[in-house]
Amino acid sequence: MFRRGKIAIIPIKGVITTEGAPILSLFPWRKVISSTQIIEFLEEVKRKPDTKAVLVEINSPGGTPFPCKEIAEKIKEIDKPTVAWVREYATSGAYWVASACQKIVADRLSRIGSVGVVSIRPDFSELMRKFGIDVETMASGIFKTLGFPYRKIAPEEREILKEELDTIHKYFLEEISTNRKLKKEVVKEISSGKIYFGSEARDLGLIDSLGSKKEAVELLSKITRLKTYRIVDYNKKMRKPVGLLRKLIGSL
């Protein structure tokens with residue numbers, strides 16, 4: 001039985017990308033979070049014997065599939081109690097991350113779910129034609145220019161993209177279904193991509209309980225049987241790539 005120890009708080013706030021670069025995000029006006037940095041934090045927590053538990057603080061709409069997947073896998077590698085606390089929202093890939101934790105706590109009005117995959121492809125072909133702009137592209141394979149926004153997408157290309165989305169969506173559903181031990185009817189319900197409030201998510205089994213950040217920490221202290229504990233907040237250790245970029249630009 002632990003008498004004292006530390007509880008680490010790992011923040012996942014904003015759109016999840018691999019390196020955290022704003023230009024990689026489908027939502028460039030939103031804050032981004034690097035899976036690389038989150039994994040560094042999780043590795044550090046894993047190595048420290050005096051850190052007895054981890055609270056994953058989530059306020060994210062998700063992100064690209066791979067970084068969400070690697071964060072979820074890293075969480076499951078930690079041989080310590082893990083609880084996800086959802087502040088405002090944990091949707092799409094962010095819910096995938098939350099489901100990797102042993103317990104999920106969310107506010108009654110938190111937004112949970114949106115279990116689905118989306119592909120956004122801008123089509124500038126008509127606009128370019130209107131302004132007399134022509135793009136000549138040479139490629140070594142018939143699908144090498146798949147997704148280029150300078151021309152209309154061909155039916156066979158659309159089918160390929162649809163197959164990719166279906167594959168990712170199936171894997172996404174399988175992972176959260178296993179993580180949360182969801183019933184088949186619940187999996188079918190959430191596969192539509194619908195977003196649920198915290199109270200609805202609890203009824204479906206997507207989360208375990210409703211509560212605040214304080215209550216999520218208290219749940220961890222009970223699980224670990226800590227009598228006294230100190231919080232180690234990794235919010236304070238987050239790098240700010242945009243701020244660093246501004247400093248670099250200012251020094252030029």
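The chain holds 9 helices and 10 strands. Helices (H or I, at least four residues) and strands (E, at least two) are DSSP runs, numbered from the N terminus. This is a predicted model, in which local features need pLDDT of at least 70 and side-chain atom pairs count only at pLDDT 80 or more, while totals for chains, interfaces and linings use all residues. Residues are numbered from 1 along each chain as its sequence is written, and side-chain values use heavy atoms, with hydrogens and water left out.

Start with the whole chain. Of its 252 residues, 42% count as buried. Buried means under 20% relative accessible area, exposed means over 50%, and partly exposed lies in between (1.4 Å probe, protein chains only). The accessible surface comes to about 14,900 Å². Carbon and sulfur atoms supply 56% of that surface. These areas come from the Shrake-Rupley method with a 1.4 Å probe; for residues, only the protein chains shown count as cover.

Now look at contacts, meaning heavy atoms within 4.5 Å. Residues 24 or more positions apart account for 72% of them.

Next, find helix α2, residues 65-77. How far apart are its end C-alpha atoms? They are 19 Å apart. At 1.5 Å a residue, the 13 residues of α2 should span 18 Å, so the two values agree. The expected span is 1.5 Å times one less than the number of residues. The buried residues of α2 are P67, C68, E70, I71, A72, K74 and I75. An α-helix has 3.6 residues a turn, so residues three or four places apart point the same way. Several elements cover the buried residues of α2, including β1 (4-13), β2 (15-17), α1, β4 (51-60), β5 and α3.

K74 and E43 meet through their side chains in a salt bridge (2.6 Å, N to O). A salt bridge is a side-chain nitrogen of Lys or Arg within 4 Å of a carboxyl oxygen of Asp or Glu. This pair links distant parts of the chain: K74 sits in helix α2 and E43 in helix α1 (residues 35-47), 31 residues apart. K74 counts as buried because its relative accessible area is 12%. E43 has 26%, so E43 is partly exposed.

How many salt bridges does a search of the whole structure find? The search finds 13. Another of them joins R111 and E88 (2.8 Å, N to O). R111 lies in strand β7 (residues 111-113) and E88 in strand β5 (residues 82-91), so the pair ties together parts that are 23 residues apart in sequence. R111 is partly exposed, at 34% relative accessibility. E88 is partly exposed as well, with a relative accessible area of 38%. Salt bridges that share partners also join E43, K46, K74 and E77 into one network.

Move on to K48, in the loop between α1 and β4. Its side chain meets that of E44 in a salt bridge (3.1 Å, N to O). K48 counts as partly exposed because its relative accessibility is 31%. Leaving aside neighbours within four places in sequence, K48 is in contact with K80 and Y234. The C-alpha atoms of K48 and K6 are separated by 9.5 Å, although these residues are 42 apart along the chain.

A pair of aromatic rings is described by the distance of the centres and the angle of the planes. Rings of Phe, Tyr and Trp (its six-membered ring) pair if their centres lie within 6.5 Å; planes under 30 degrees apart count as stacked, over 60 as edge-to-face and the rest as tilted. A search of the whole structure finds 3 aromatic pairs. F41 and Y234 form a tilted one: 4.9 Å centre to centre, 50° between the planes. F41 lies in helix α1 and Y234 in the loop between β10 (228-233) and α9 (241-251), so the pair ties together parts 193 residues apart in sequence. Both F41 and Y234 are buried.

W96 and F172 form a stacked pair: 5.1 Å centre to centre, 20° between the planes. W96 is in helix α3 (residues 93-99) and F172 in helix α5 (residues 155-180), 76 residues apart. W96 counts as buried at 4% relative accessibility, and F172 counts as buried at 3%. Ring pairs link W96, Y171 and F172 into a cluster.
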